[in-house]
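Biologist: I would like to learn how to read the features of a model such as this one, going from the sheets to the helices and then to the contact of the chains. Could we look at it together?

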Amino acid sequence: MLRRVVLQTFRQGLAQSFFKRNAASLSESAVTQHPIETSEEASEKSGSKQKNGDESGNTVVVAPPEFRFMYPEFLPDPTMERRNKLKEKLERMDMLQRRSIIEIPEFYTGSIMAVTVADSNSPNKFARFVGICIQRGGSGLQAWFILRNVVDRQGVEILYEMYCPLIQKIEVLRLERRLDESLLYLRDALPEYSTFPFEMEAERRLNNSVVPINPIKVKLRPRPWLERWERQNLQGVEDLNLPQRYYDRAKEVAKPWEKYDLMLQYRKTIPAEEQEKIYAEVHSQLQQQDLKRKIKRRRGPSSEQ
Amino acid sequence: MNQADLSKLVSALRIAVKPKPRLFASPEGPAGRLRKLKATVTALVKYERIELNYPRAEEAQGYAERLISDAIRNGDCHKHTMEMADYWLDEKQLIHKLFKVLVPRYKEYNSSYTKLVLGPKTYPGYYAGTAILELKGNPFPALQPATQNYHYWLHNVLLDEAKREFRVAKAESNTNLSEPVASKN
C-alpha cells in the first residue's frame, strides 16, 4: 500500500517540486526522499491533511514539506543545552492559542509588511509601521522579525516579536523572497531600496502556489560600510568594485572547511524526523485556523449587507 | 535564541551527540582538525574496524554516522551528498563502497551504524585510553560475545524460579484481599 503510493507520487512529486511553492532553499537541489514525497501527492495547492497508512494500518498524519519554511518558529532552538521537550510542547500550544486570535501570515525575508501595534502614547492608540522584512529569527514565542523603512530620509528599523500581545494586526503587503536570507546590507544600500510608502496597499498575487523570488541586485553606497560585505557571499548585491586586496584578505580569512563540517551542520539543525513530528502535531490546527479565516473573509462583505 | 537552519534536511543520529565538539589543536588549526578526522573516517570505511585513541574515535563516529545517514537519505545522485562523500573519503573507490555496499547494508537499520568499544590503556594515568571503532555488520569476529546471559546458567535458573514464586505469592495475596471485601458485600 505504502509502496504503491510512493510510485504514484514520484512523477507528481517531481512535477510539483517545480511548480509548487518554491519553498526549497536555493542550495537544495534534489527532490527530497520517501516520507516527504508521499505527503506532496495529496497536499496539492492548499497543503491539505495527508493520511498515510503505516505498517500497522493506523493513519499517520504528515504535514506538507514546505511547512518548515512557512512556520520556522515552531522548530525549537537547536542548541542542545537548551532543549526541553515539555517546554517546547507548552510553547507550541501557546503559539497556536495566539494564532487563533491574531492572523500571523506567511512571510519571508524580503516581503513588505505592515504591523499595527497598540501604543498608549499615540493619539490613535495604535501605531502602524510599514517596512521590508530584512531578517527574522528566534524560535517559539520569542520569534521576531525586523522591518526596515526610510521615513523623512531617516532609516528606521523596528524589531517586532511575532507573538507579542500588543500586536493588533500583521499584514503582508507584498509576499516575495530575495536572493539572500538576510537583507542587512540594505543599511549600506542606497535609500531608494528601503523606501516603501506607508499608504501602500496589499498586492494581489497572480499565482497563489509559488512565492516569487525577486532577483534584484541592490547598489551599495560608497564605503565605509557597517560590515565587510565582500566576505559574506551575498547574491542580492551588485558588484562591490573593491580593490583586489579586500578580496585577497577575504580569502585568507575565509573558513572553507566549515562547508564540509557535518557535525557543525547537525548541531545547527533539527533532524527531519523531529521536524515531521512537530509539524504533524501543529498543522491540523493551523489548517483549521486558516479555513475559518477564509470563510470569515468570504462571509464578511455578505454579512455586512 | 537561534532559529534552526532550514537549508538542509538531516537524519537524526542514533548515537549520543555531545553539545560541543572537541577542538583537536593542530598547527593548521580547524582545517587540520578536519583533515585528521577525514583520515580517520576514510580508514573506518576502508578497514571497517580501527583501533585509535578514544577522543578521535568519538568525533569520527559522529562524522561517519552523518555521512552514512546522508547517503541513505539522499542517494548518490544528490549533489551535496556527493560533495561530502568526495571530501570525507580520500580514496575514491571508497565512495563507491559507501553507496554500493554500506547504504544497502544499513538501509533497514533502526540502530546506529557504528560501534565504539573501549580498548586497553597502554600506560597508567588519567586519560581516555584507546578505543575500537567499527562499522556494524563487518566480516570480522565479534569483539564482545553476542549474548551475556544464558537461561540455563545456574543463577539464572534460580532467579527465574524465585521470580515465579514471588508472582504466585502476590497473586494469592491479591485474591485473599479481594475475598473478605466480597463477603462483606
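This is a predicted model: local features need pLDDT of at least 70, side-chain atom pairs count only at pLDDT 80 or more; totals for chains, interfaces and linings use all residues.

Biologist: What is the strand order of the open sheet in chain B?

Modeller: The three strands of that sheet follow the order β1-β3-β2, and their pairing is antiparallel. The edges are taken by β1 (49–53) and β2 (114–118) of chain B, each of which has a single partner strand, so one side of each is left without a neighbour in the sheet. From one strand to the next the twist averages 25 degrees, where angles run from 0 to 180 degrees between N-to-C directions and axes are lines fitted to C-alpha atoms, for helices over the stretch in contact. Five bridges join β2(B) to β3 (residues 130–135) of chain B in the antiparallel sense, and Leu116(B) stands opposite Leu133(B) in β3(B).

Biologist: Which helix lies across these strands?

Modeller: Contact here means heavy atoms within 4.5 Å. Helix α1 (residues 30–47) of chain B lies across β1, β2 and β3 of chain B, and runs at about 150 degrees to β1(B).

Biologist: At what angle do α2 and α3 of chain B pack, and which residues make the contact?

Modeller: Helix α2 (residues 54–74) and helix α3 (residues 79–88) of chain B pack at about 145 degrees, with their axes 10 Å apart. On the α2(B) side the contact is made by Tyr63(B), Leu67(B), Asp70(B), Ala71(B) and Asn74(B), and on the α3(B) side by Thr81(B), Met84(B), Ala85(B) and Trp88(B). Sorted by class, the contact has six nonpolar, two polar and one charged residues, given that Ala, Val, Leu, Ile, Met, Phe, Trp, Tyr, Cys and Pro count as nonpolar, Asp, Glu, Lys and Arg as charged, and the others, Gly among them, as polar.

Biologist: Turning to chain A, which strands stand at the edges of its five-stranded open sheet?

Modeller: The order in that sheet is β6-β5-β4-β3-β7, with antiparallel pairing. Here β6 (154–161) and β7 (167–174) of chain A stand at the edges with a single partner strand each, so one side of each is left without a neighbour in the sheet, and the twist averages 35 degrees from one strand to the next. Strand β4 (residues 126–137) pairs with β5 (residues 144–151) of chain A over five antiparallel bridges, in which Ile132(A) has Arg148(A) as its bridge partner. Six residues lie between β4(A) and β5(A) in their hairpin, and Gly138(A) in the turn has a positive phi of about 80 degrees. Strand β3 (residues 112–118) of chain A also pairs with β4(A), over seven antiparallel bridges.

Biologist: Which residue has a positive phi although it is not a glycine?

Modeller: Lys125(A) does, with a phi of about 65 degrees, and Lys125(A) is found in the loop between β3 and β4 of chain A. For another backbone feature, look at Arg223(A) and Pro224(A), which are joined by a cis peptide bond with omega of about 10 degrees.

Biologist: How many salt bridges does the rule find across the interface of chain A and chain B?

Modeller: Side chains of opposite charge can pair when their charged atoms come close. The rule asks for a side-chain nitrogen of Lys or Arg within 4 Å of a carboxyl oxygen of Asp or Glu, and across this interface it finds three salt bridges. In one salt bridge the side chains of Glu81(A) and Lys20(B) meet at 3.0 Å, N to O. The contact takes 42 residues from chain A and 36 residues from chain B.

Note on methods
Residues are numbered from 1 along each chain as its sequence is written. Chains are lettered from A and ligands numbered from 1 in the order in which they are written. Side-chain values use heavy atoms; hydrogens and water are left out. Two strands pair if DSSP finds at least two bridges between them. Helices (H or I, at least four residues) and strands (E, at least two) are DSSP runs, numbered from the N terminus.
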